[in-house]
Amino acid sequence: MPSTLLNPATKVFAVVAGLGIAIGLGFEIAVGESSGTVLLVAQGLVAAGVAVAVAALAGRDAAPAVPADAPPPSASASTPGVPAQGSMFPGLCAMGLGLGAVGAATGAVIMILALVVTGVGAAGWFGQSWREHPSWTPRVRERVRYRLLVPSALPFAMLALAASIAIGVSRILLTVPEKAAVGVALVLAVSLLVAFFVLASRPGLGRSALTALVVMAVLSVGGAGIAGATRGERRIEKVPGGPGTVRITARNIKFDLTEMTLARGEVVVFRNRDTGTFHNVAFYAQTPDGGQGRPLFNGQPIDRGQITYHPPPPPAGTYLFACDFHANMRGTLIVSG
Amino acid sequence: MTATTAATPALPSGAPSRPRNVATLAVLILALGGMMAFAALIAAYRALAHYQSLPPKGVKLDNYLGVMTTFTLVLSAPLVEWAWSAVRRDERRQAIAALGLTIGMGIAFVDLDWYLVSRLGFGVATPYGTVFYAMVILAGINAGVGILFLLGALLRVLGGQASGSEPEPVRVVGWYWEFVVVAWVLVALTLYPIVK
Amino acid sequence: MTVTETRPGGAGVLDSSAPAAQPGGVRGAPDAGPRSVGTADHKRLGLVLLGTSTLLLILGIVMGELLQAQLAAPDTNVVGSRYGELLSLHATATAVLFLGPFWLGLATYILPLQIGTARLALPRLHAFATWLYVVGGVVFLASYLAGTPSHGGITLSQPWAAVQGLSRADRAATSLWIGGLFLVGLASVLASGDLIVTMLKLRAPGMTLARVPLFSWASFATSSVVVLATPVFLGGLTLLYLDQRYGGTFFSPSNKAGVAVWQHTIWLFGRPEAFVLLLPGLGAAGDIVSTHFRRPLVDLTTARAALIAFAGLSFAVWAAGPGRASAAVVLPTSTWLTALTAGPVAVSVLLWLASGRGGPLAGAVLLLALGAGAAIIAPAARVRAGTAWSTGQLHVVLFGAPTLLALGAVHHWAPKLFGRRLSTALGVLQLLLVLGGFAVVGVAEYVLGYRHMPWHVDSYARHSLRALHGLAAAGGGMVLLGMLLFALSSLAAAWRRSDAPGDPYQGMTLEWATTSPPPPANFDALPEIRSAQPLADLRAAQAGPAGGAA
């Protein structure tokens, strides 16, 4: 009778483990290329781990003993268990990761959307499996709703509502011209006053009407806010362009300057036109052979837009400036007294 | 027919009992497979070290940060085992405390990981930088996913869905967290001259 | 004596004439349409994988035909400067997005039936993986719409070129390309892990691992290879993404480490992956032979050992060394370790021949023999990898043979998949078209290779090669026609009402112990399992006393 101590799957993985480690060591001796050795030995060790897991958890693989005088086999000896219950949330999570792949190629907005979709999918997935647990009775559901969900979710919902309105309105006000912004703010304030006056004077207003009102308000503010955010802010502060400012732009993984002259106390206005790709401006000391020495200042990386750096003034001399992300983006920095 | 069936008790009959440890075995196999992704990055580092001395000239890694980050995560390993042991013994409060502490350690690790990345004086754009950032970022994402799983386990314990009679949710998450810890330790041993 | 109890209105275990899942018949296949979005039923998930991968294959073959049109004559210009892009799409859609996921889909459908369970071990994780594959495929295709993602060679064999000096659109396209492949890779790891656990934990009582049918064993071995090898590729893709996104130099030709690492990551994934595409086919073939000849393979243990040895040797191919791995894929005789893979295949084929024979199997064996013959002749004829000979070898051995086995497997399990048997006449036609097509393509490309026609070029000067290119295009057209016919006949079967009996072949394994298509729980009741052929045991038990009484 074959041994039932280790099931065949364990033996297969154990053999793979032994072979992986042996071939890895042989590879090291014959080829001497350490990365290959690391991979082969790792594969052996992982297979060994799987073998142990399978031996411990897959259970015995013994067939029940059938006596010689046993009756013929039965056509319906057992049932196969219950089928799986479906869920739409795994699909939603997959869509979220797909959006993540798109976001990784394009930019932060889609990445945030991907995180939200994946988060909603994961939370829904967990919530569904939670509700399917036998302990989830109507009584427990009511208790959880009143003791946990309402007290914790309500403040979050209110915070999210307030934040989305504030952010939406601010996007609108930052997009429209300066004078129009005052008008928009006044119209919004008056509309709010009127709306709340109507609400307060008509206590009989139904729940669905209230919900519809809130949804419409959030959608219109949110929609206008997204449109404003897409269009971009108007120029609010006049970017200093006179003495005391050095302007440098990154475009197509290149700086527009190969030499930068900076006086003590001057600020650096850095503009990144490679939307979606991180760049920064960093200052390095120069080694005697002209190479990159110790860092003096590492500006905050941005993947779009503009940022103003206030670098601590190094002593007068010649240095290097570079982007920390791209080896080819570098130039000479001359600091004057 | 009934009589003959009764005479052969060794034969299988009836509905199959619900198999145990299904999710545990799955998470172990997938986590061990996941180790191969880290092995690929470690192999890339070894390949680089074959042609140049690492860390390269001009890069001085802060060993203190590497050691503290590793300590933080290694300390969380016994905590998650404590949670598992407490759940098995139906010590609900202990399990909640242990899981809460593990989550705290996990968040501390992600924070340290983030801090470590933000303090690096070199960018992605060198071969060394590419491998370094890949390893550290992947370990951070791995820990982030682990923290979400730990939160799920904590909710299960709070809601009475993980207990002495049903401890698997915590065991599954525990194994995943051990994978997070082992993966980081291997990354740290590769990147930081801790042993030296 | 009532050993064949049946549910009222349902198909009995041995009731081979039972009409369908429900009286009057239902729509053929379990729905793979919009309602599948929320499903965790392995049957629907399997059909989603089968359908999506077949669509991608047809797209890949159409691209291949466009490429052949470009080579119709020395001065033809059909696709212009987009030749490299189309070649990349053709190679990846057929090799990475079709065969692997196709076998995964078939295993998702058939494995739970063969081991006697109602579900997968982690059905929602499997659903996640299924949709991740679909989404990954869409992202991958979208990369070709966003720009040109193939600067790094058809399968990113020159990653440096994919990283440096690209326009913004091409950089975004390359990122999408990497992202799409990452998702597909992740999906295959997750689904494979689930299949391993399903086989280890959810077998019916009495179904020991030694009694599990060959196709399930082959799926188990394939899944194990995927779980061990694919994450390495994911690690490599992460490095590549960081490099191309942030202007890195890891994969610069000046960094020798980068070249070695990319060879490892792409080949460690690519080699086992390319070889294991045949592995589920070997398992399926074993089951097909034993089912249709109504006797078990002469030596089941050896057959199983051959499958596992083949899976193990697929890694050994890589261990031949990174420098030689790229040649190993098209020139299996280039290293003795690579040549060893022929051993388990030969053992499997001998076992089939000893136990019976069959159409698609014979076709696959013919293709494998053609490839092996070409590989043996090649060194004598001084043919090098990197000519059209290599393309022929890829088409015949690594793609043709497994594709033919995949079609045979779908025809075999069609009653379970669609509730109907596929038309035999159309099946023969598909066999002739696909087998003939691959043979014609292969022979034309072998001869082109012997005449030193380089591969992956969009033009040539010698008019004497025109006829051979025309022949290759005709072969490709035959394969395309065969696959379209296959897709249409499968769709028609899925659409029409099911009429197949539960056990049309007098099968011996558990998938034939239920209706066609199976009900949601797969079985009303499972028979007692005392051997690897539980249905044969039942039949013998039925025949015994009845025969005695007669």
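In this predicted model, the axes of helix H1 (residues 42-70) of chain C and helix H16 (residues 466-495) of chain C come within 9 Å and cross at roughly 160°. Angles over 145 degrees count as roughly antiparallel, and H1(C) and H16(C) are therefore roughly antiparallel to each other. Their crossing is left-handed. On the H1(C) side the contact is made by Thr54(C), Leu57(C), Ile58(C), Ile61(C), Val62(C), Glu65(C) and Gln68(C). The residues that they meet in H16(C) include His469(C), Ala472(C), Gly476(C), Gly477(C), Leu480(C), Met483(C) and Phe486(C). By class, the residues of this contact between H1(C) and H16(C) are 12 nonpolar, 5 polar and 1 charged.

Two packed helices are described by the angle between their axes and the distance between the axes. For helix H2 (residues 83-115) of chain C and helix H5 (residues 168-201) of chain C, the angle is about 20° and the axes are 11 Å apart. That angle makes H2(C) roughly parallel to H5(C), since angles under 35 degrees count as roughly parallel. H2(C) passes H5(C) in a left-handed crossing. From H2(C), the contact draws on Ser88(C), Thr92(C), Val96(C), Leu97(C), Leu104(C), Ala107(C), Thr108(C), Leu111(C) and Ile115(C). From H5(C), it draws on Trp177(C), Leu181(C), Val184(C), Ser188(C), Ala191(C), Ser192(C), Leu195(C), Thr198(C) and Met199(C). The residues in the contact of H2(C) with H5(C) are 12 nonpolar and 6 polar, with no charged residue among them.

The next topic is how the chains meet. Between chain A and chain C, 67 residues of chain A are in contact with 70 residues of chain C. About 5,400 Å² is buried between these two chains, and carbon and sulfur atoms give 67% of that area. On the chain A side, the residues that lose the most area to chain C are Pro73(A), Ala75(A) and Pro80(A), together 12% of what that side buries. Side chains of opposite charge can pair when their charged atoms come close. Chain A and chain C have 2 salt bridges between them. In a salt bridge formed by Arg203(C) with Asp61(A), the closest N and O atoms are 2.8 Å apart.

Chain A also meets chain B. Here 34 residues of chain A are in contact with 36 residues of chain B. The two chains bury about 2,800 Å² between them, with 71% of it on carbon and sulfur atoms. In chain A, Leu57(A), Trp130(A) and His133(A) lose the most area to chain B, together 20% of what that side buries. The count of salt bridges between chain A and chain B is 0.

A helix pair spans these two chains. Helix H4 (residues 108-131) of chain A packs with helix H5 (residues 127-158) of chain B at an angle of about 25°, and their axes are 12 Å apart. H4(A) and H5(B) are therefore roughly parallel to each other. The crossing of H4(A) and H5(B) is right-handed. Phe126(A), Ser129(A) and Trp130(A) of H4(A) make the contact with Gly152(B), Leu155(B) and Arg156(B) of H5(B). The contact of H4(A) with H5(B) has 3 nonpolar, 2 polar and 1 charged residues.

Over all chains, the structure holds 7 salt bridges. One of them joins the side chains of Glu81(B) and Arg171(B), at 3.0 Å from N to O. Glu81(B) lies in helix H3 (residues 63-88) of chain B and Arg171(B) in helix H6 (residues 168-191) of chain B, so the pair ties together parts that are 90 residues apart in sequence.

Some details of the backbone remain. Most residues other than glycine have a negative phi, and most peptide bonds are trans. In chain B, a cis peptide bond joins Leu54(B) and Pro55(B), with omega about -10°. Pro55(B) lies in the loop between helix H2 (22-51) and H3 of chain B. In the loop between H3 and helix H4 (92-119) of chain B is Asp90(B), a residue other than glycine with a positive phi, near 60°. In chain C, a cis peptide bond joins Ser516(C) and Pro517(C), with omega about -10°. Pro517(C) lies in the loop between H16 and helix H17 (534-549) of chain C.

Technical notes:
Residues numbered from 1 in each chain as written. Chains lettered and ligands numbered in written order. Predicted model: local features only at pLDDT ≥ 70, side-chain atom pairs only at ≥ 80, totals over all residues. Heavy atoms only, no water. Axes fitted to C-alpha atoms, helices over the stretch in contact; angles between N-to-C directions. Helix = DSSP H or I, 4+ residues; strand = E, 2+ residues; numbered from the N terminus. Parallel < 35°, antiparallel > 145°, perpendicular 65-115°, else oblique. Left-handed = near helix turned anticlockwise from the far one by under 90°. Contact = heavy atoms within 4.5 Å. Nonpolar A, V, L, I, M, F, W, Y, C, P; charged D, E, K, R; others polar. Buried area = accessible area lost by both parts, 1.4 Å probe. Salt bridge = Lys/Arg side-chain N within 4 Å of Asp/Glu carboxyl O.
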